[in-house]
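Please keep the view open while reading.

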Amino acid sequence: MSLPIGLAPFANQSRAAHAGVLVGGAVACLLAYVGAAALLFELGALDHGTPDGPRRVASAVASMACWGFYAAAFVRGRGGPVTDAFVYPVATVALVPTAFRWVAFEPAWDAFRDRIALFLFRPGLFVDAAALVLPGVALAAVLLSIWATRLDESAIETWQREHLSAEFRREFIEE
């Protein structure tokens, strides 16, 4: 079973460099999440029994840091073209804040069961998901747009040849 082309890493990078992108994204997310909570509120605001507002604000800051990191990795040709743009940031912002809260404040199994049981009927869950994804997507889109507008056609083609595998270019770029 082979890896789908869309999930393949950028060309000419080692597994360690690829793993470094994942670790870097997780660290950026964690530092922004904890840092925003500590600076704007207090670290205890992330505890499970506290109001959702501070946790959502910290999540939005973490989302922007995480997606910003992966956008920079994309520009540098590290990670993967599709994974940096969507898969890694979504997984990172979904797992890192929750893992931090579980390590720092113990798992909230009751809240976890409630979210699973009432998944379709809890608007707060969708607000949490939006706070985790939308600010980062917006920032990444702006950053990548600014980067792309600064390149001319030959620079784009050079970047593609340098960082994208022949299979990926053939499948997704060339018409």
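Helices (H or I, at least four residues) and strands (E, at least two) are DSSP runs, numbered from the N terminus.

## Basis of the report

The model is predicted, with local features requiring pLDDT of at least 70 and side-chain atom pairs counting only at pLDDT 80 or more, while totals for chains, interfaces and linings use all residues. Residues are numbered from 1 along each chain as its sequence is written, and side-chain values use heavy atoms, with hydrogens and water left out.

## The second largest pocket

A pocket is an open set of points on a 1 Å grid over the protein atoms alone, where a 1.4 Å probe fits, with protein on both sides within 12 Å along at least five of seven lines; lining residues have an atom within 4 Å of a point. The second largest pocket holds about 230 Å³ of space, its volume being the space filled by probe spheres set on the points.

Its lining includes Phe74, Trp147, Trp159, Gln160 and Phe168. Two or more lining residues come from each of helix H3 (81-105), helix H5 (123-149), helix H6 (153-163) and helix H7 (166-173). H6 contributes the most, with three residues. By class, the lining has eleven nonpolar, one polar and no charged residues; Ala, Val, Leu, Ile, Met, Phe, Trp, Tyr, Cys and Pro count as nonpolar, Asp, Glu, Lys and Arg as charged, and the others, Gly among them, as polar.

## Helix H1 against H2

The axes of helix H1 (residues 15-40) and helix H2 (residues 52-76) come within 8 Å and cross at roughly 150 degrees. H1 is therefore roughly antiparallel to H2, a term for angles over 145 degrees. Axes are lines fitted to C-alpha atoms, for helices over the stretch in contact, and angles run from 0 to 180 degrees between N-to-C directions.

## Helix H1 against H3

H1 and H3 pack at about 50 degrees, with their axes 9 Å apart.

The H1 side of the contact includes His18 and Leu30, and the H3 side includes Asp84 and Arg101. By class, the contact of H1 with H3 has twelve nonpolar, three polar and two charged residues.

Technical notes:
Parallel < 35°, antiparallel > 145°, perpendicular 65-115°, else oblique. Contact = heavy atoms within 4.5 Å.
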